[in-house]
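Trainee: I am new to this structure. Could you walk me through how to read it?

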Amino acid sequence: MWEQPKGLLQWQASPLGTALFEAEAELLGAALDDVFGQELLQLGDWDRSRRLLGRSRTRRQSVIGGGGPPADSDIVANLSALPVLSGVIDAVVLPHSLELAPDPYAVLREADRVLGAEGQLLLLGFRPWSAWGLRSAVGQVSFPPGLRRIISEHRVREWLVLLGYEITATERYLYVLPTERAANRGLLRRGLLNPLPAGAYLIKARKRIYGLTPLRPRRAERRSVLGGLVEPST
């Protein structure tokens, strides 16, 4: 278990943080429109208020925080060792969770463990080669607060394919500079006022389970029979 990111909640309450949060809630709401089932898990400390899951259609939603006081999360646990049975979850949401984690691949592996066959995984991340990624890389303090690293969309896709996932949808957003003045502009879609490359991405993937096809035994070659007796060879 690691400590709750310092300053993250305060930053999310700023105009830029609030605008980003509202944009991501809208983005995830649309992506969750066809996600059904009994159980959905959101992992990480990016949001423990369930606001990102407001439009979820699953019967139950649970939030697992990675550290600090429980606040609005249901459980506080090590995200790379979840107290959840394997294969029982219908959907997992990772809002910047890999970027906040000490071992992002371990968190992704654990999300894969608890996700059932044909379950869906939704992931938000920042893009390294963007204004948002560059600000986080060159600043003395991570931006947004608490981020340990920026993981590219390409790397995440490689990990998911390695784990046997099918990428079903991707969407990019944050076509603005990471400044407070950008809070009043559209953050989701490119426009005349936001010609910059996208600063973040959403990946939606489905867990595929490929069963082994049993091989049929070869039929034994039938021996020719004459009058009930085996035909002699020449």
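Mentor: Start with T58. At 5% relative accessibility, T58 counts as buried, because buried means under 20%. The model is a predicted one.

Trainee: Where is T58 placed?

Mentor: In a loop. T58 sits between β1 (39-43) and β2 (60-65).

Trainee: Which residues is T58 in contact with, leaving aside its neighbours within four places in sequence?

Mentor: There are V35, F36, G37, Q38 and L40. The T58 side chain makes a polar contact with it, at 2.9 Å.

Trainee: Now the whole chain. How many helices and strands are there?

Mentor: Six helices and nine strands. The chain has 234 residues, and 47% of them are buried. Check the contacts too. Take those between residues at least 6 apart in sequence: 69% of them join residues at least 24 apart.

Trainee: How do strands β5 and β7 run, parallel or antiparallel?

Mentor: Antiparallel. Seven bridges join β5 (residues 115-126) to β7 (residues 200-207). As an example of facing residues, L123 stands opposite I203 in β7.

Trainee: What is the idea behind a nonpolar core?

Mentor: In soluble globular proteins, nonpolar side chains tend to be buried together. In this model, the largest nonpolar core has 35 residues. L20, W46, F126, W132, Y173 and L174 touch the most other members.

Trainee: Which elements give two or more residues to this core?

Mentor: α1 (8-12), α2, β4, β5 and β7. The largest share comes from α2, with eight residues.

Trainee: Take L174. Which residues is L174 in contact with, leaving aside its neighbours within four places in sequence?

Mentor: L20, F126, W132, L187, P197, A198, G199 and A200. There is also a second, separate core, of 28 residues. Its members include L79, V114, V156 and Y201.

Trainee: How should I read a helix with buried residues?

Mentor: Ask which side they face. In helix α6 (residues 153-162), the buried ones are E153, V156, W159 and L160. They cover an arc of only 125° around the axis, which puts them on the same side of α6. H154, V161 and L162 are exposed, on the other side.

Trainee: What covers the buried residues of α6?

Mentor: The cover includes α3 (97-100), α4 (104-114), β5, β6 and β7. After the helix comes G164, whose phi is positive, near 95°.

Trainee: Now helix α5. Which of its residues are buried?

Mentor: In α5 (residues 131-138), W132, G133 and S136 are buried. Their arc is only 100° around the axis, which puts them on the same side of α5. The cover here includes α1, α2 and β5.

Trainee: One last residue. Where is Q12 placed?

Mentor: In helix α1. Q12 is buried, with a relative accessible area of 9%. Its side chain reaches the backbone oxygen of W46 at 2.6 Å. Leaving aside neighbours within four places in sequence, Q12 is in contact with G17, T18, F21 and W46.

Methods. Residues numbered from 1 in each chain as written. Predicted model: local features only at pLDDT ≥ 70, side-chain atom pairs only at ≥ 80, totals over all residues. Heavy atoms only, no water. Pairing = 2+ DSSP bridges. Helix = DSSP H or I, 4+ residues; strand = E, 2+ residues; numbered from the N terminus. Core = buried A, V, L, I, M, F, W, Y, C linked by side-chain atoms within 4.5 Å. Buried < 20%, exposed > 50% of the residue type's maximum accessible area, 1.4 Å probe, protein only. Contact = heavy atoms within 4.5 Å. Polar contact = N/O pair within 3.5 Å; in protein donor to acceptor, adjacent residues only side chain to side chain. Arc of directions from axis to C-beta.
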